[in-house]
Amino acid sequence: LFSSGRIVDGILVLMAIEAIALILVRKMSNKGIATVDLLVNLIAGMALLLALRAALTGQGWQAVALCLIVALIAHLLDITRRWTAA
């Protein structure tokens with residue numbers, strides 16, 4: 001599971017299911033995390049997981065770095081949105 005990166009694939013599927021469920025709850029009840037805020041947060045986490053998958057499967061440092069840059073951008077956007085909302 002680990003050397004093939006399949007563990008990360010499983011976690012990503014669970015995160016996608018979580019995102020869909022939370023978005024549906026938001027639409028049905030008008031309560032919960034705003035969709036944009038949820039997606040920005042999940043993108044940061046997913047990008048970190050993709051960096052882990054790239055490292056586990058022996059992809060080049062460029063793939064790992066690209067995933068980490070995407071995670072950083074999403075994280076900074078998430079913090080900016082939270083900072084201005086507070």
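Student: Why is Asp37 called partly exposed?
Tutor: Keep in mind that this is a predicted model. The relative accessible area of Asp37 is 27%. Buried means under 20% and exposed means over 50%, so Asp37, at 27%, lands in between and counts as partly exposed.

Student: What makes Asp37 and Arg81 a salt bridge?
Tutor: Their side chains meet with N and O 2.5 Å apart. The cut-off is within 4 Å, for a nitrogen of Lys or Arg and a carboxyl oxygen of Asp or Glu, so this pair passes. As for the general idea, side chains of opposite charge can pair when their charged atoms come close.

Student: Which parts of the chain does that pair link?
Tutor: Distant ones: Asp37 sits in helix α2 and Arg81 in helix α3 (residues 61-85), 44 residues apart.

Student: And is Arg81 buried, partly exposed or exposed?
Tutor: Its relative accessibility is 34%. That falls between the 20% and 50% cut-offs, so Arg81 counts as partly exposed.

Student: Why does Arg6 count as exposed, then?
Tutor: Arg6 comes out at 53% relative accessibility. Exposed means over 50%, so Arg6 makes it.

Student: How do you know that Arg6 forms a salt bridge with Asp9?
Tutor: The closest N and O atoms of Arg6 and Asp9 are 3.5 Å apart, and the limit is 4 Å, so the pair qualifies. Both residues lie in helix α1 (residues 6-29), three residues apart, which is about one turn of the helix.

Student: What about Asp9 itself, buried or partly exposed?
Tutor: Asp9 has a relative accessible area of 22%. Buried would need a value under 20%, so Asp9 is partly exposed.

Student: What else does Asp9 pair with?
Tutor: Arg53, with the closest N and O atoms 2.7 Å apart.

Student: What makes Arg6, Asp9 and Arg53 one network?
Tutor: Shared partners: Arg6 forms a salt bridge with Asp9, and so does Arg53, so the three are joined.

Student: How many salt bridges are there in the whole structure?
Tutor: A search finds four.

Student: And what does the chain as a whole look like?
Tutor: There are three helices and zero strands. Buried residues make up 22% of the 86 residues.

Key. Residues are numbered from 1 along each chain as its sequence is written. This is a predicted model: local features need pLDDT of at least 70, side-chain atom pairs count only at pLDDT 80 or more; totals for chains, interfaces and linings use all residues. Side-chain values use heavy atoms; hydrogens and water are left out. Helices (H or I, at least four residues) and strands (E, at least two) are DSSP runs, numbered from the N terminus. Buried means under 20% relative accessible area, exposed over 50%, partly exposed in between (1.4 Å probe, protein chains only).
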